[in-house]
Amino acid sequence: MEIAYAEMDQHHEHIQGLKSYMLTRLKENIPGIDFNGETDTDKSLYTMLNVSFPETEMADMLLFNLDIAGISASGGQRVQFGH
């Protein structure tokens, strides 16, 4: 507990930097990507990024590759209400 607490700020900063990097790279490289919820790293959970990718026939392969890379992801249809 003492070690975790002592390194908590460093861990937070590292993970927040990874999230910012991922946000930037996704925006630059995937047309039609949509971010769900708050993306400002100062106003959102630093450990979570909720993303909707454009529909593609390769969705299952994307999920598989993210899983292999150790990234937790789930697939499903996007439902929009009120449209």
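Colleague: What volume does the largest pocket have?

Modeller: Good place to start, and keep in mind that this is a predicted model. Rolling a probe the size of a water molecule over the atoms shows where empty space is left. For the largest pocket, that space has a volume of about 1200 Å³.

Colleague: Which residues are the closest to the centre of the largest pocket?

Modeller: The lining of the largest pocket divides into 17 nonpolar, ten polar and four charged residues. Helix α2, strand β2 (51-52) and helix α3 (59-68) each supply at least two residues of that lining. Of the 31 lining residues, the closest to the centre are Val-51, Ser-52, Phe-53, Ala-73 and Ser-74.

Colleague: Is the chain spread out or compact?

Modeller: Let's begin with the pattern, which reads α-α-β-β-α along the sequence. For 83 residues the globule rule gives 12 Å, but the radius of gyration of the chain is 15 Å, well over that value.

Colleague: Which side chains meet in a salt bridge?

Modeller: The structure holds one salt bridge, so we look for a side-chain nitrogen of Lys or Arg within 4 Å of a carboxyl oxygen of Asp or Glu. Here the N to O distance is 3.5 Å. The two partners are three residues apart in helix α2 (residues 8-29), about one helical turn. They are Arg-25 and Glu-28.

Definitions and conventions:
Residues numbered from 1 in each chain as written. Predicted model: local features only at pLDDT ≥ 70, side-chain atom pairs only at ≥ 80, totals over all residues. Heavy atoms only, no water. Helix = DSSP H or I, 4+ residues; strand = E, 2+ residues; numbered from the N terminus. 1 Å grid on protein atoms, 1.4 Å probe; cavity = no way out; pocket = protein on both sides within 12 Å on 5 of 7 lines; lining within 4 Å. Points joined across faces, edges and corners; volume = space filled by probe spheres on them. Nonpolar A, V, L, I, M, F, W, Y, C, P; charged D, E, K, R; others polar. Rg over C-alpha atoms; globule rule 2.2 N^0.38 Å.
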